[in-house]
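Subject: The structure for you to look through

Hello,

Here is the structure I promised to pass on. Please open it next to this email and follow along as you read.

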Amino acid sequence: MEISLAKNKDLNGINDIYNYYISNTAYTFDINQRTIEEKKEWFHQFKNSETSICLVGYKNDELVGFVCSTKFREKEAYNQSLETSVYINEKFKGKGFGKKLMFELITRLKSTNIKNLYALITYPNKTSINLHKTLNFTKVGTLNNVGYKFKKYWSVHIYELKL
Ligand SMILES: CC(C)(COP(=O)(O)OP(=O)(O)OC[C@H]1O[C@@H](n2cnc3c(N)ncnc32)[C@H](O)[C@@H]1OP(=O)(O)O)[C@@H](O)C(=O)NCCC(=O)NCCS
């Protein structure tokens, strides 16, 4: 898999992968599919930022998945902390690509001033929990029944990695 910084040309593919998980899972708490215009707006956060990073992985010209680091919270004292998220095209899951993309993101962030990474994982999501544990994230808390999607409440487990 070839990993690189995401560019405008990758946005359709990123949106297709993400919209699949919006419609079919509670792994993201977005409920309505994103339009490409909304995705272009979302993509601005990665321009001119050393720490908000979006990486894509390709195999034989097909988008395998993407991984992003984004602001954890708006208030300035959180600036050394980021949230990470990773989504792999359904057909490429379980082949080590999620781990490779996350590893590359973590490696890049290690050379910045970032101290903490947080992954907010809807429970249950065994694969994502295993992925984060294998990357040395540890569970630091639970938000109980914090999200409502598909007519039920979902808890979120918070995983932390100290850089
Ligand atoms: C979660 C996700 C990103 C993981 O990426 P992936 O490429 O499928 O996972 P990998 O093949 O890199 O495996 C990562 C770890 O999870 C484990 N794993 C993989 N598939 C698994 C499965 N079906 N069940 C349980 N564990 C699994 C692997 O054993 C591996 O651990 P190891 O390195 O110790 O062996 C991917 O499955 C995905 O996009 N899922 C849907 C969206 C999602 O949940 N995103 C995360 C939101 S928090």
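Which helices and strands each supply at least two residues of the shell around the ligand? They are strand E4 (81-88), helix H3 (97-110), strand E5 (116-123) and helix H4 (126-134). Those labels come from DSSP runs, numbered from the N terminus: helices (H or I) have at least four residues and strands (E) at least two.

Before going further, two notes on the model. It is a predicted model, in which local features need pLDDT of at least 70 and side-chain atom pairs count only at pLDDT 80 or more, while totals for chains, interfaces and linings use all residues. Residues are numbered from 1 along each chain as its sequence is written.

**Around the ligand**

The ligand is surrounded by 22 residues, and the closest are Ile88, Gly98, Lys99, Asn130 and Thr134. Sorted by class, the shell holds nine nonpolar, nine polar and four charged residues. In this sorting, Ala, Val, Leu, Ile, Met, Phe, Trp, Tyr, Cys and Pro count as nonpolar, Asp, Glu, Lys and Arg as charged, and the others, Gly among them, as polar.

Between E5 and H4 there is a loop, and proline 124 sits in it. The peptide bond joining tyrosine 123 to proline 124 is cis, with omega about 0 degrees.

Strand E2 (residues 53-59) is largely enclosed by the rest of the structure, because five of its seven residues are buried. Buried means that 20 or more other C-beta atoms lie within 10 Å of a residue's own; exposed means 12 or fewer, and partly exposed is in between, with C-beta atoms placed from the backbone.

E2 runs antiparallel to strand E1 (residues 2-5), joined by four bridges; strands pair if DSSP finds at least two bridges between them. E2 and E3 form a hairpin with two residues between them, and asparagine 60 in the turn has a positive phi of about 45 degrees.

**Strands E5, E6 and E7**

E7 pairs antiparallel with E5 over eight bridges, and isoleucine 121 stands opposite histidine 157. E6 and E7 also pair in the antiparallel sense over eight bridges, with glycine 141 partnered by isoleucine 158. E6 and E7 form a hairpin too, with two residues between them, and phenylalanine 150 in its turn has a positive phi of about 55 degrees.

Lysine 151, in the loop between E6 and strand E7 (152-162), has a positive phi near 65 degrees. Lysine 151 is exposed, because 5 other C-beta atoms lie within 10 Å.

**Two packed helices**

How do helix H1 (residues 11-24) and helix H2 (residues 36-43) pack, and at what angle? The angle is about 105 degrees, with their axes 10 Å apart. Axes are lines fitted to C-alpha atoms over the stretch in contact, and angles run from 0 to 180 degrees between N-to-C directions. H1 and H2 are therefore roughly perpendicular, a word that covers 65 to 115 degrees.

Enjoy exploring!

Definitions and conventions: A residue is near a molecule or strand if its C-beta atom, placed from the backbone, lies within 6 Å of it. Angles under 35 degrees count as roughly parallel, over 145 as roughly antiparallel, 65 to 115 as roughly perpendicular and the rest as oblique.
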